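I opened this entry to look up the fold, the confidence, the core and a few single residues. My notes follow in the order in which I checked things.

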Amino acid sequence: MGLFSCLGNNMVGCPEMDSDHRTMLEILDQLHEAMIQGRGGELILVTLDRLAEQESAHFGREERLMQECGYPDLERHRELHLEMLQELAVLRCRARAGHMPIAYDTMQTMRRWIAEHINGEDRSAAKYIMMHRPGDPLRGRTDKNPCGSVLMAGPEHGGLSRNGQVSPAGVAVTGAFT
Ligand SMILES: [Fe+2]
Ligand SMILES: [Fe+2]
């Protein structure tokens, strides 16, 4: 299990978003591995490129979901995505320019951005999406479990149990993430 790729408490309850987030966290794991193994800057550059590609694709998908569901805070969320992409572009430029000490900072910065964004903005958006997605028979029901019972990973996956309690694995992951 990677350091970041187990979503644990970082699951937001929207399957498409959680799947994308897991991929992004796996890339962060690869970056972390490359660093602790002292592997060359080229691998870090490739990993940063993959992260940028994944982020860009994910943000697009996430924004489309929000749009389909009429998410009222879409524009502000879109601006946050743009800021993250711009920051990542700056870090990639610095890494390409040979500032290799940026590598550790890069990972920490990515980790913080992604964790904070997932647990803040994305969690709010996912809650709205799961209550307003077109074709959902429970659409608009405020008593509906915002995470959706079929969407919650069981404790064996380091996620939440059906009654919403945090599994021990989830707690452990949260500790590693903050
Ligand atoms: Fe987002
Ligand atoms: Fe996201």
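**Fold.** I counted the secondary structure of the protein chain first: it has five helices and zero strands. Read from the N terminus, the order of elements is α-α-α-α-α. This is a predicted model, and I kept that in mind throughout. Of the 178 residues in the chain, 29% are buried. I also looked at contacts with a separation of 6 or more, and 63% of them join residues 24 or more positions apart.

**Confidence.** I then checked the pLDDT. The chain mean is 74, with 65% of the residues at 70 or more. Which helix has the lowest confidence, and which the highest? Helix 5, residues 168-177, is lowest with a mean of 32, and helix 2 is highest at 91. The pLDDT stays below 50 over residues 144-178, although this stretch has 56 contacts in the model beyond near neighbours in sequence. Where pLDDT is low, the predicted coordinates should not be read in detail, so I left that stretch alone.

**Core.** The largest nonpolar core holds 25 residues, and the members that touch the most others are Val12, Cys14, Leu28, Ala126 and Ile129. I noted the elements that give two or more residues to this core: helix 1 (15-36), helix 2 (41-69), helix 3 (74-96) and helix 4 (102-132). Helix 4 supplies the largest share, nine residues. I followed Ile129 further. Leaving out residues up to four places away in sequence, Ile129 touches Cys14, Leu65, Met66, Cys69 and Tyr71.

**Helix 1.** Just after helix 1, I found Gly38 with a positive phi of about 65°.

**Helix 2.** I picked Ile44, which lies in helix 2. Ile44 counts as buried because it has 21 C-beta neighbours inside 10 Å, and 20 or more are needed. Its C-alpha is 8.8 Å from that of Gln30, a residue 14 places away in sequence.

**Helix 3.** Helix 3 has 23 residues and reaches 33 Å from first C-alpha to last, close to the 33 Å expected at 1.5 Å a residue. Its buried residues are His77, Leu88 and Leu91. Gly98 follows helix 3 and has a positive phi, near 95°.

Gly70 sits in the loop between helix 2 and helix 3. Is Gly70 buried or exposed? It has 12 other C-beta atoms within 10 Å, and 12 or fewer means exposed, so Gly70 is exposed. His132, in helix 4, is 62 residues away along the chain and 7.8 Å away in space, C-alpha to C-alpha. Pro134 is 64 residues from Gly70, and their C-alpha atoms are separated by 9.8 Å. His132 has 15 C-beta neighbours inside 10 Å, which is why it counts as partly exposed.

Note on methods. Residues numbered from 1 in each chain as written. Chains lettered and ligands numbered in written order. Predicted model: local features only at pLDDT ≥ 70, side-chain atom pairs only at ≥ 80, totals over all residues. Core = buried A, V, L, I, M, F, W, Y, C linked by C-beta atoms within 7 Å. Helix = DSSP H or I, 4+ residues; strand = E, 2+ residues; numbered from the N terminus. Contact = placed C-beta atoms within 7 Å. pLDDT = per-residue confidence, 0-100. Expected span 1.5 Å × (residues − 1).
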